[in-house]
Amino acid sequence: MATRVLNATSLARDLGRWRTDNDGAPGRRRTSRPTYRALADGIRLLVHDGRIPLGVGLPSERDLSAALDLSRTTITSSYAVLREEGYLVSKQGARSTVTLPDMARPNGLLVQSRDAVGPVVDMSHAAMAAPTEAMTAAYSSALQALPTYLTTHGMEPIGLAVLRESIARRFVERGLPTTPDQIMVTSGAQQAVRLLLGTLTSPGDRVLIDHPTYPNALEAIRRIGARAVPVPIGPDGDGWDLDGIRSAARQTASKVAYMIPDFHNPTGRSMSSDSRAELARIAREVSMTLIVDETMVDLWLDAPPPPPVASFGRVSGTDIVTIGSASKSYWGGLRIGWIRAHPSLISRLAGSRAAHDLGTSVMDQLAAGFLLDDADSILATRRDQLRERRETLETALAEHLPDWRYRRSTGGMSLWLELPTPVSSALAATAPSFGAVLAAGPRFGVEGAFERFIRLPYTREPAELAAAVTATAAAYRALAPSTEAREPALVF
């Protein structure tokens, strides 16, 4: 089979402003890295971000030199660096293909880097390690309950009744009447997003999003051929621009909106009750299906969130779809998510799902049910851990990066930090050499937005968080050794 080769023009576009550590304004300091090194770092970042798939071939040196307006010698040197660091594999008589070096592959929660001294802290994922005792107990109980299901075919497209009952009960406890026939169990929240978008939209449709947003939701929108319509989260109030949402929905005729009102990923913000009610009214006015992502709803740290957005939909007569997940609250390895919707939509989703899979693992569903039945005690401990780690991260930032600004998150798992200069992608490319793997701001936006922002989760152990901030600060100083003569610039 022929090797798939990246288009040089597309690669040049994805690299963005890889040559500078600023926004290109006259008189600003350029990066001190040699051009070939900066290009290699940019390509390496795209590999780690998943924007260059493993196994593909990079463009020829001639094509990429033309696309980037660089000499072939520079391209040759960049490719040589990537080959030396293990990001390109060459076979005699075949094109070099993209790979990950063994030392950069995930090893638990740590990765190793050839350039770094010691372990590198992976700060690219907002996820905690499992609550070991609770998880072990849940799977032990699931194993004991399993024989009841072994006499069946084991395939339940909408999920086991016992788990759907537990999920429905949790909604009722939060003030939203829900019956099991309104619940579909999915293999994680990401499958829920893909199923809903595939059922509710067609290629070319517009999908309204709050901006920034969850990167995998953006990818799901792209994969189905829809177009994201971003409405920025602003600095005032609770952040959501309701007038902007209404205007954007009307002007673009968006059929669907995807929003994260509960401890938003990545900003950590929570939508007020009044805004939730208005959002439900807007959805009804413009005949737009609202998909609400509640994957962070259990992780409140300062105060519980307002009632579910769907409860305001009941008042306004709007059908609002809700997505939930066990991954953030309990463990990412537990691939259990769910959809709450009108039974008629649940039936449509079950029909669509048959093209992808025939149901979610019975063992995982049983384990999730036992976790939900003991949710309050487990989640109380998780929140205490997150509060402590948030404090650790904020203390380290105050010491090492005092000019980075952020609004303290009231829940969730991360801080959304504004950098003094737009170097997010360059920082993410450079930081592994200093001891940290970061998620660059543009991963959370469309069309290259958020170069001045970066997400730092506080999900790691306190010592690891302190080490990650120290490493990030060192990488940032290497990129911007001088802070003099900085001019005001547009914040994305």
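This is a predicted model: local features need pLDDT of at least 70, side-chain atom pairs count only at pLDDT 80 or more; totals for chains, interfaces and linings use all residues.
## Overall model and confidence

The protein chain has 492 residues, of which 54% are buried. Its secondary structure comes to 17 helices and 16 strands. Among contacts between residues at least 6 apart in sequence, 73% join residues at least 24 apart.

The average pLDDT of the protein chain is 87, and 88% of the residues score at least 70.

## The seven-stranded sheet

An open sheet is built from 7 strands in the order β5-β11-β10-β9-β8-β6-β7, with mixed pairing. The edges are taken by β5 (183-186) and β7 (227-232); each has a single partner strand, so one side of each is left without a neighbour in the sheet. On average, neighbouring strands of this sheet are turned by 20 degrees against each other, direction ignored.

Helix α10 (residues 242-252) packs on the sheet, where it touches β6 (206-211), β7 and β8 (256-259). The direction of α10 makes about 155 degrees with that of β7.

## Strand β9 and its partners

Strand β9 (residues 289-293) is joined to strand β10 (residues 320-325) by 4 bridges, and these two strands run parallel. Within this pairing, Val 292 has Thr 322 of β10 as its bridge partner, and Ile 291 stands opposite Val 321 in β10. Strand β9 is mostly covered, with 4 of its 5 residues buried.

Strand β9 also pairs with β8; 4 bridges join the two, which run parallel. Here Leu 290 in β9 stands opposite Ala 257.

## Helix α8

Helix α8 (residues 189-200) has 12 residues and reaches 16 Å from its first C-alpha to its last, close to the 16 Å expected at 1.5 Å a residue. Of the 12 residues in α8, 9 are buried, so this helix is largely enclosed by the rest of the structure. The buried residues are Ala 189, Gln 191, Ala 192, Val 193, Leu 195, Leu 196, Leu 197, Thr 199 and Leu 200.

## Helix α7 and Arg 170

Helix α7 has 13 residues and a reach of 18 Å from first C-alpha to last, close to the 18 Å expected at 1.5 Å a residue. Its buried residues are Leu 163, Arg 164, Ser 166, Ile 167, Ala 168, Arg 170 and Phe 171. The cover over the buried residues of α7 includes strands β5, β10 and β11 (337-340) and helices α14 (362-373) and α15 (375-400). After α7 comes Gly 175, whose phi is positive, near 90 degrees.

Arg 170 lies in helix α7 (residues 161-173). Why does Arg 170 count as buried? The relative accessibility of Arg 170 is 19%, and buried means under 20%. Leaving aside residues up to four places away in sequence, Arg 170 touches Asp 298, Leu 372, Ala 375, Asp 376 and Leu 379.

## Thr 430 in helix α16

Thr 430 is placed in helix α16 (residues 424-430). Its relative accessibility is 9%, so Thr 430 counts as buried.

Which residues does Thr 430 touch, not counting residues up to four places away in sequence? The contacts are with Arg 33, Asp 41, Arg 44, Ala 475 and Leu 479. With one of these, Ala 475, the C-alpha to C-alpha separation from Thr 430 is 6.2 Å, although the two residues are 45 residues apart in sequence.

Methods: Residues are numbered from 1 along each chain as its sequence is written. Side-chain values use heavy atoms; hydrogens and water are left out. The expected span of a helix is 1.5 Å times one less than its number of residues. Buried means under 20% relative accessible area, exposed over 50%, partly exposed in between (1.4 Å probe, protein chains only). Two strands pair if DSSP finds at least two bridges between them. Axes are lines fitted to C-alpha atoms, for helices over the stretch in contact, and angles run from 0 to 180 degrees between N-to-C directions. Contact means heavy atoms within 4.5 Å. pLDDT is the predictor's confidence in each residue, from 0 to 100.
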